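User: I am new to reading protein structures and would like to learn it one feature at a time. Could you please take me through this one?

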Amino acid sequence: MFANFNFENPEFFWLFLLLPLAIGWYFWKRNKQTPELKISSTKGFKATSGILPKLKPVLFLLRLLALSAIIMAMARPRSVDVSTQTSSTQGIDIVMAIDVSASMLARDLQPNRLDATKNVAEEFIQDRPGDRIGLVVYAGESFTKTPITSDKAIVLDALEDIEYNNVLENGTAIGSGLATAVNRIKDSDAESKVIILLTDGVNNAGFIDPSTASELAVEFGIKVYTIGVGSNGMALSPVGVNPANGRLRFGNVQVEIDEDLLKEIAAATGGKYFRATNNEKLEEIYAEIDSLEKTEIEEFKYYNYDEKYRPLVLLAGGLLLFEILLRLTIFRGFI
């Protein structure tokens with residue numbers, strides 16, 4: 001209720017400290033405010049007890065209320081209506097190239113590498129409302145899941161739909177995944193073009209050499225951040241298919257990530273290489289990329305102030321006039 005209400009000069013509230021002094025002064029001088037007459041005896045006078053003398057402090061109370069209203073008016077109460085208008089630059093276009101090979105079902109990240117990647121990528125997408133984002137998936141071959149778009153609902157639905165299946169040829173075609181991502185973003189007019197390439201293996205499939213795809217990224221001014229996903233040592237990974245029910249069989253497999261290749265791609269394109277050995281590290285990596293690639297947003301705020309001191313001034317004036325009226329009429333004989 002009071003979120004858009006403030007006082008422009010709150011320092012005037014210190015004047016309220018004078019009111020207790022005024023009250024003390026009033027009670028100290030109270031008995032000296034009427035003339036005194038000394039006589040030897042009051043036996044000849046009839047004692048009366050009217051109500052008007054008891055109501056006389058009302059005059060002082062009205063003056064205190066008037067002073068309080070004046071102090072609040074001096075503090076300049078006002079409400080403010082804030083309207084905001086934002087404008088951004090051409091922004092950043094981002095393509096996320098995600099490895100969906102069978103090894104991404106390894107359980108060294110929870111619940112597995114692929115689901116952990118999807119969870120963190122979802123938060124990353126939601127935190128970038130001003131950018132366009134596209135998705136590329138790859139295993140032994142690659143394809144575009146969704147082209148770059150500013151419609152985050154489409155991107156998030158496509159991300160949720162990513163899963164391991166037998167549609168793509170098995171293997172890890174890092175070169176093909178990167179080349180497809182480059183092809184998706186190369187004609188963008190965005191101020192900055194970025195690819196986030198994530199994999200958990202080595203390049204062992206596809207017809208495009210990763211170095212060739214990296215050169216294409218450099219030619220089109222595309223920065224590539226590479227992420228190697230997988231713990232150090234052994235990981236519980238798919239090792240085969242159970243012929244009885246078609247389910248994957250898991251076993252401990254040595255984690256192999258071609259870190260040298262990922263570092264070369266990142267260095268050549270002006271990006272950076274990261275290694276995600278657990279869920280927390282993966283979250284930190286996406287958070288760092290988010291901080292490195294920021295869209296400049298210019299915000300304009302318009303303030304419309306509605307001054308509220310006028311009713312307080314009128315109230316104070318009314319109280320003082322009422323006090324004067326009472327002092328000159330009803331209480332005239334007691335002053």
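Predicted model: local features only at pLDDT ≥ 70, side-chain atom pairs only at ≥ 80, totals over all residues.

User: With which residue does arginine 76 form a salt bridge?

Analyst: Side chains of opposite charge can pair when their charged atoms come close. A salt bridge here is a side-chain nitrogen of Lys or Arg within 4 Å of a carboxyl oxygen of Asp or Glu, and arginine 76 forms one with glutamate 307, the closest N and O atoms being 2.5 Å apart. Glutamate 307 lies in strand 11 (residues 297–307) and arginine 76 in the loop between helix 3 and strand 2 (77–88), so the pair ties together parts that are 231 residues apart in sequence. Helices (H or I, at least four residues) and strands (E, at least two) are DSSP runs, numbered from the N terminus.

User: Is glutamate 307 buried or exposed?

Analyst: Glutamate 307 counts as buried because its relative accessibility is 19%.

User: How many salt bridges does a search of the whole structure find?

Analyst: The search finds 16 of them. One of them joins glutamate 288 to lysine 272, with the closest N and O atoms 2.5 Å apart, and it links distant parts of the chain, since glutamate 288 is in helix 9 and lysine 272 is in the loop between helix 8 (259–269) and strand 10, 16 residues apart. Another pairs lysine 308 with aspartate 306, where the closest N and O atoms are 3.0 Å apart. Through shared partners, salt bridges also join Glu8, Arg76, Arg78 and Glu307 into one network.

User: How should I read the nonpolar core, and how many residues does the largest one have?

Analyst: A nonpolar core is a set of buried Ala, Val, Leu, Ile, Met, Phe, Trp, Tyr and Cys residues joined through side-chain atoms within 4.5 Å. The largest in this model has 33 residues, and those with the most contacts inside it are Met96, Ile227, Leu282 and Tyr286. Helix 4 supplies the largest share, six residues.

User: Which residues does methionine 96 touch?

Analyst: Contact means heavy atoms within 4.5 Å. Leaving aside residues up to four places away in sequence, the partners of methionine 96 include Ala121, Phe124, Ile133, Ile196 and Tyr286. A second, separate core has 25 residues, among them Val136, Ala217, Ala235 and Leu261.

User: Which residues form a nonpolar patch on the surface?

Analyst: A patch of this kind joins nonpolar side chains (Val, Leu, Ile, Met, Phe, Trp, Tyr) within 5 Å, using residues with over 30% relative accessible area and no salt bridge; like charges are joined within 9 Å. Here Leu67, Ile70, Met74 and Leu320 form one, with about 280 Å² of accessible area together, as computed by the Shrake-Rupley method with a 1.4 Å probe, only the protein chains shown counting as cover for residues. Helix 3 (residues 57–74) gives the most to the patch, three residues, and methionine 74, found in helix 3, counts as partly exposed because its relative accessibility is 33%.

Conventions: Residues numbered from 1 in each chain as written. Heavy atoms only, no water. Buried < 20%, exposed > 50% of the residue type's maximum accessible area, 1.4 Å probe, protein only.
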